[in-house]
Amino acid sequence: MTIRENYSLQAHHTFHLPVSARWYVEYGSTEELKNLLQTDLVKQHPLLHIGGGSNLLFTKDYEGVVLHSAIRHIEILEEDEDSVQLSVGAGVVWDDFVSHCVENNWGGVENLSLIPGEAGASAVQNIGAYGVEVKDVIERVNVVEVSTGQEYQFTRAECRYGYRESIFKKEWKGRFIVTSVVYRVQKNPVFNLTYGHLEEALSGYGEITLKNIRETVIAMRNSKLPDPDKTGSAGSFFMNPVIARSQYDRLKEKYPDMPHYPVDGEQVKVPAGWLIDRCGWKGREHGGAAVHDKQCLVLVNKRQATAKDIMELAEMIQNSVKETYDIAIVPEVNFI
Ligand code: EPU
């Protein structure tokens, strides 16, 4: 276990703002975490558990304890003719896990290639891309309760997954720490190529394989999203709004090219990136912050942005979308 004081978080969150934590603690096992939760350091100070920091906006220094998992196993629990059940430590870099699956020819997560962050957070955020959500492959989530140090195991159903949602972000926010996730991946995968231009983009390859899907998804992401090594961002800053079908039908009259995805009979999801784009925000800057010039859903730290620059830009965008379309868009990013 490593404990650091007055520790810079700049490398631990993807916006790369110059903020620090009063304490930063990294633990390597569930036992270590349970012991840590009994210490005065943790009991007497505010606590923030981070993963890859890819969904956070630090608005100031964190005057408490920032925890990070270094539980990094990938273990086979069960295997049969059709599938493999794997336990993956919360601190495993998500894309390392995807790469591991693709190398072993196990399908289910290839569409989620290159999503930043770690396995533990995947089960909290229900990360998703190109028609797949991680809930589709999650079987169980292992956690420790912060207040008691007690271990629990939750089934997928108990986690109440929805679009970018889980019980860990709502009723149980802050109550549990994910230590590992149990995923089931397929030996004879059924490819999911329904999203956007994925199938078309794959047509250059002779045959469709997990490796080709992974390469295509990586190329698609790289062409739209900023390079995390060069430009700070938190991926999608906003969630895609879900609106009533009646409102969508009214908007469609005026904006017939508005993309949309049916959620159910009553509701329709609309891409926030399209709404922001059509309000004229592409590439616009505010202080050091900017709207990414290839995907308006992403706000970037263009040149030494402050959290204030980013928050003000976000608010201006929200107001503009509300005024134009009467749609409220809400951040996916957590403000700390
Ligand atoms: N669009 C525009 N202008 C823009 C951005 C998008 O017109 O600036 C249009 C696109 O042309 C397309 C539609 O909006 O018709 C949707 O765009 P895209 O396929 O890029 O997906 P998205 O809905 O904007 C979501 C996820 C992404 C994920 C992609 C691909 C959310 C909040 N975001 O974005 O996730 O990679 O789908 O599946 O659901 C992330 O969470 O950080 C992230 C990048």
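This is a predicted model: local features need pLDDT of at least 70, side-chain atom pairs count only at pLDDT 80 or more; totals for chains, interfaces and linings use all residues.

Colleague: How many residues surround the ligand, and which are the closest?

Modeller: The ligand is surrounded by 22 residues. Tyr130, Tyr163, Arg164, Asp277 and Cys296 are the closest.

Colleague: What is the distance from an oxygen atom of the ligand to the side chain of Arg164?

Modeller: An N or O atom in the Arg164 side chain is 2.7 Å from an oxygen atom of the ligand.

Colleague: And what about Asn240 and Cys296?

Modeller: Asn240 places a polar side-chain atom 2.8 Å from a ligand oxygen atom. For Cys296, a polar backbone atom is 2.8 Å from an oxygen atom of the ligand.

Colleague: How much of the ligand does the protein cover?

Modeller: On its own the ligand has 820 Å² of accessible area, and the protein covers 81% of that.

Colleague: Which elements give two or more residues to the shell?

Modeller: Those elements are α6 (210–224), β13 (232–236) and α8 (272–278). The largest share is that of α8, with three residues.

Colleague: How do the shell residues divide into nonpolar, polar and charged?

Modeller: There are 12 nonpolar residues in the shell around the ligand, along with five polar and five charged ones.

Colleague: Turning to the sheets, what is the strand order in the open sheet of four strands?

Modeller: The order is β1-β2-β5-β3, and the pairing is mixed. At the edges are β1 (2–8) and β3 (47–50), each of which pairs on one side only. Ignoring direction, neighbouring strands are turned by 30° against each other on average.

Colleague: In what sense do β1 and β2 pair, parallel or antiparallel?

Modeller: β1 pairs with β2 (residues 20–27) in the antiparallel sense, over six bridges. Within β2, Ala21 is the bridge partner of Tyr7.

Colleague: What holds paired strands together in general?

Modeller: Strands of a sheet pair through backbone hydrogen bonds, in either a parallel or an antiparallel manner.

Colleague: Which strands does α1 lie across in that sheet?

Modeller: Helix α1 (residues 30–37) lies across β2, β3 and β5 (62–69), and runs at about 135° to β2.

Colleague: How many bridges join β10 and β12?

Modeller: β10 (residues 138–145) and β12 (residues 176–186) pair over seven bridges in the antiparallel sense. Ile177 in β12 is the bridge partner of Val144.

Conventions. Residues are numbered from 1 along each chain as its sequence is written. Side-chain values use heavy atoms; hydrogens and water are left out. A residue is near a molecule or strand if one of its heavy atoms lies within 4 Å of it. A polar contact is a pair of N or O atoms within 3.5 Å; within protein, one must be able to donate a hydrogen and the other to accept it, and residues adjacent in sequence count only if both atoms are side-chain atoms. Accessible areas come from the Shrake-Rupley method with a 1.4 Å probe; for residues, only the protein chains shown count as cover. Ala, Val, Leu, Ile, Met, Phe, Trp, Tyr, Cys and Pro count as nonpolar, Asp, Glu, Lys and Arg as charged, and the others, Gly among them, as polar. Two strands pair if DSSP finds at least two bridges between them. Axes are lines fitted to C-alpha atoms, for helices over the stretch in contact, and angles run from 0 to 180 degrees between N-to-C directions. Contact means heavy atoms within 4.5 Å.
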